[in-house]
Amino acid sequence: MAGTTGTDGAAGTTAAAVEEVMAELAALEDPRMREVNERHGDDHGVNLTKLRAVAKRLKTQQDLARGLWRTGDTAARLLALLICRPKAFERAELDTMLREARTPKVHDWLVNYVVKKSPHCEELRLAWFADSDPVVASAGWALTTERVAKKPDGLDLPGLLDAIEAEMKDAPERLQWAMNHCLAQIGIEHPEHRARAIGIGERLEVLKDYPTPANCTSPFAPAWIGEMVRRQQEK
């Protein structure tokens, strides 16, 4: 993030606040939770309910959020995303933040809690969608999935299905998950493309054998589409 603006006194106050919050996060660290999180690629041990309680107390503080982000600490960055002001970030700043956000939870929260509320969202969607870095591209696909569901006008849905059909099978994991979500969303929300979306899922078999707990929907696109359409029809 960009540096804190204002007087030296304000910068000093922010630095002190960052130090105080970092000490609070350290006190909330739970080694067992860190062990669980690390299995999913997230290197922090702070209970997210407790983290949200800290954010609720701090309320919106953009300078503090920037300071916490600069620490590089995962728990601090998650807290920063909860207390920041999404519309206050410039496009280049959000682009830099996404490229710095290498853990799944920070990446997901940045896209869902900040970028989706930014006036730069559509520009970033287009830029990230075509990025050579598969983790960055996965953010572009996540934002595209949001548009498939909420603002599909102007999207080339057949073109998206073409790309998914050609690339999803061999895509790196994070990108593959994002493309699979988009495939399912197209099938769920757009009946005219449902048969093709299901057919692509059946042929590629991506996540077909993914272990899914009881009472949870499988991420295998044909099963996902079928279950969500069934629920829609029951309403």
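This is a short walk through the structure above, going from helix packing to aromatic rings and then to the cysteines. The model is predicted, so local features are taken only where pLDDT is at least 70 and side-chain atom pairs only at pLDDT 80 or more, while totals for chains, interfaces and linings use all residues. Residues are numbered from 1 along each chain as its sequence is written, and side-chain values use heavy atoms, without hydrogens and water.

Let us start with helix H7, which covers residues 104-114; helices (H or I, at least four residues) are DSSP runs numbered from the N terminus. Its buried residues are Pro104, Val106, His107, Trp109, Leu110, Val111 and Val114, where buried means under 20% relative accessible area, exposed over 50%, and partly exposed in between, with a 1.4 Å probe and protein chains only. Those buried residues pack against helices H3 (48-58), H4 (62-70), H5 (74-83), H6 (91-100), H9 (134-150) and H11 (173-189); contact here means heavy atoms within 4.5 Å.

Take H5 as one of these partners. The axes of H5 and H7 come within 10 Å and cross at roughly 5°, which makes H5 roughly parallel to H7. The axes are lines fitted to C-alpha atoms, for helices over the stretch in contact, with angles from 0 to 180 degrees between N-to-C directions. Angles under 35 degrees count as roughly parallel, over 145 as roughly antiparallel, 65 to 115 as roughly perpendicular, and the rest as oblique. From H5, Thr74, Arg77, Leu78, Leu81 and Leu82 meet Lys105, Val106, Trp109, Leu110, Tyr113 and Val114 of H7.

Two more residues of this region are worth a look. Ala75 also lies in H5 and is buried, at 4% relative accessible area. Leaving out residues up to four places away in sequence, Ala75 touches Leu25, His44, Val46 and Leu51. Arg77 places its charged end over the ring of Trp69, 4.3 Å from the ring centre; the criterion is NZ of Lys or CZ of Arg within 6 Å of the centre and within 35 degrees of the ring normal.

Now to the rings themselves. The structure holds three aromatic pairs, counted when rings of Phe, Tyr and Trp (its six-membered ring) have centres within 6.5 Å, with planes under 30 degrees apart called stacked, over 60 edge-to-face, and the rest tilted. One of them joins Trp109 and Tyr113, whose centres are 5.1 Å apart and whose planes meet at 40°, so the pair is tilted. Both residues sit in H7, four residues apart, about one turn of the helix. Trp109 is buried at 6% relative accessibility, while Tyr113 is partly exposed at 27%. Phe129 and Trp141 form a tilted pair too, 4.6 Å centre to centre with 35° between the planes. This pair links distant parts of the chain, with Phe129 in helix H8 (residues 121-129) and Trp141 in H9, twelve residues apart. Phe129 is partly exposed at 27%, and Trp141 is buried at 3%.

Finally, how many disulfides does the structure hold? A search of the whole structure finds zero, a disulfide being a pair of cysteine sulfur atoms within 2.5 Å. The sulfur of Cys121 has its closest cysteine sulfur in Cys182, 14 Å away, which is too far for a bond. Both cysteines are away from the surface by the cut-off used here: Cys121 is buried at 18% relative accessible area, and Cys182 is buried at 0%.

Conventions
Helix = DSSP H or I, 4+ residues; strand = E, 2+ residues; numbered from the N terminus.
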